[in-house]
Amino acid sequence: MVNLMSKAAKVLVITEGKKTEPKLYRKAFELFPLFSKYKIYSYSANAYDLYGYLEPYWNEGFADASDFLQVLIEHEQNTEKKEILQQNFSDIFLVFDFDPHDHRYNFTKLQHLMHYFNESTEMGKLYINYPMVESYKHFLSMNDEAYMDRRISFENLTSYKQIVAKESGIGNVGDFNKDIFRMLVNKNMNKLNYLCTGDNAEPGADEVDALLECVADKQNNYITCDGYCYVLNTGLLFLPQFSSNWDE
C-alpha cells in the first residue's frame, strides 16, 4: 500500500478505451477524492499494441517512468493528450483488458507487461480486467451472490458487451453512488482471493499484488485449456491498494 498523503499525489491513469474507462474513473474520483490532482489518458489501443510499441526498448531498458511516457508521446498525434503525458506524476496506473480473443493474444507478453509495470511510483502499475472493462457492471443486482462463480465462454467473448448490457442490474455509471463503488471493489477483492486460494474473504491490500499474478496465470489456463475465463474486474483495486481509507 502506498504510504503517502494522498491529497499530495498527482496520478495518471492510462486506460485502454476512450469512453467506458474514463467515465468509470472520473465518477470514482468524484465520489472518492483520494487525489488532489489526476489525469486520465486514453491510450485507445489494447495491451498487445502497447507491448508492440515497447518491445524495441526492452533490451535498452527505461531509466524511469518519463522514458516510458516519452515513448507514448512519440506515438501520440493529439496535442492535448501529449501535454498530459509531459507532466510529472507521483503514481501511474495502467488499466487494460485481458482480451484473449484478440488474434495477437500471448500470455507471455502479458506477463512481461505485468512484471515490468509492477509499481505505481516507478514505471507504473498494470491492472488487467477479465475479460474486459465491462466486467465492472456484470452484476445482476447489488447482492448478486452468483458473481463469485460468474464466467464467460470463449465463444461469447465477442458479444460480451451486449451480454453485460442485457444482464447488468446496477444501473449506469453516471448514477453510481458510494455504496455501489464499495460493492464493486469488495466483491472483486473477494473474488480475486477466491480464485487463487478458495477463500472468499477479502484479502489485505498487501496481498493483492501476489494475487494479481496468480489470477492472471489461472485465467490463462482456464481460457486455453477449458475455453472460459472468470469475470473479474481488477481495474478499481488500485483504490484500496493506494489507501486504506479510500472509501470514506
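Guide: A helix is a DSSP run of H or I with at least four residues, a strand is a run of E with at least two, and both are numbered from the N terminus. This is a predicted model, so local features need pLDDT of at least 70, side-chain atom pairs count only at pLDDT 80 or more, and totals for chains, interfaces and linings use all residues. Residues are numbered from 1 along each chain as its sequence is written, and side-chain values use heavy atoms, leaving out hydrogens and water.

Visitor: Which loop holds Pro-131?
Guide: Look at the peptide bond from Tyr-130 to Pro-131. That bond is cis, with omega near -10 degrees. Most peptide bonds are trans. Pro-131 sits in the loop between E5 and strand E6 (151–153).

Visitor: What is the phi of Ser-44?
Guide: Find Ser-44 in the loop between strand E2 (37–42) and helix H2 (47–54). Most residues other than glycine have a negative phi. Ser-44 is not a glycine, yet its phi is positive, at about 60 degrees.

Visitor: How do H7 and H8 lie to each other?
Guide: Take helix H7 (residues 178–197) and helix H8 (residues 208–226): their axes come within 9 Å and cross at roughly 60 degrees. Axes are lines fitted to C-alpha atoms, for helices over the stretch in contact, with angles from 0 to 180 degrees between N-to-C directions. Under 35 degrees is roughly parallel, over 145 roughly antiparallel, 65 to 115 roughly perpendicular, and the rest oblique. H7 and H8 are therefore oblique.

Visitor: How many charged residues are in the contact of H7 with H8?
Guide: H7 brings Met-189, Leu-192, Asn-193, Leu-195, Cys-196 and Thr-197, while H8 brings Val-208, Leu-211, Leu-212, Cys-214, Val-215 and Lys-218 (contact means heavy atoms within 4.5 Å). Ala, Val, Leu, Ile, Met, Phe, Trp, Tyr, Cys and Pro count as nonpolar, Asp, Glu, Lys and Arg as charged, and the others, Gly among them, as polar. The contact has 9 nonpolar and 2 polar residues, and the charged count is 1.

Visitor: Is H5 roughly parallel or roughly antiparallel to H8?
Guide: Helix H5 (residues 107–116) packs with H8 at an angle of about 175 degrees. Their axes are 11 Å apart. That angle makes H5 and H8 roughly antiparallel.

Visitor: How many nonpolar residues are in the contact of H5 with H8?
Guide: Phe-107, Met-114 and His-115 come from H5. Leu-212, Glu-213, Ala-216, Asp-217 and Asn-220 come from H8. Of these, 2 are polar, 2 are charged, and the nonpolar count is 4.
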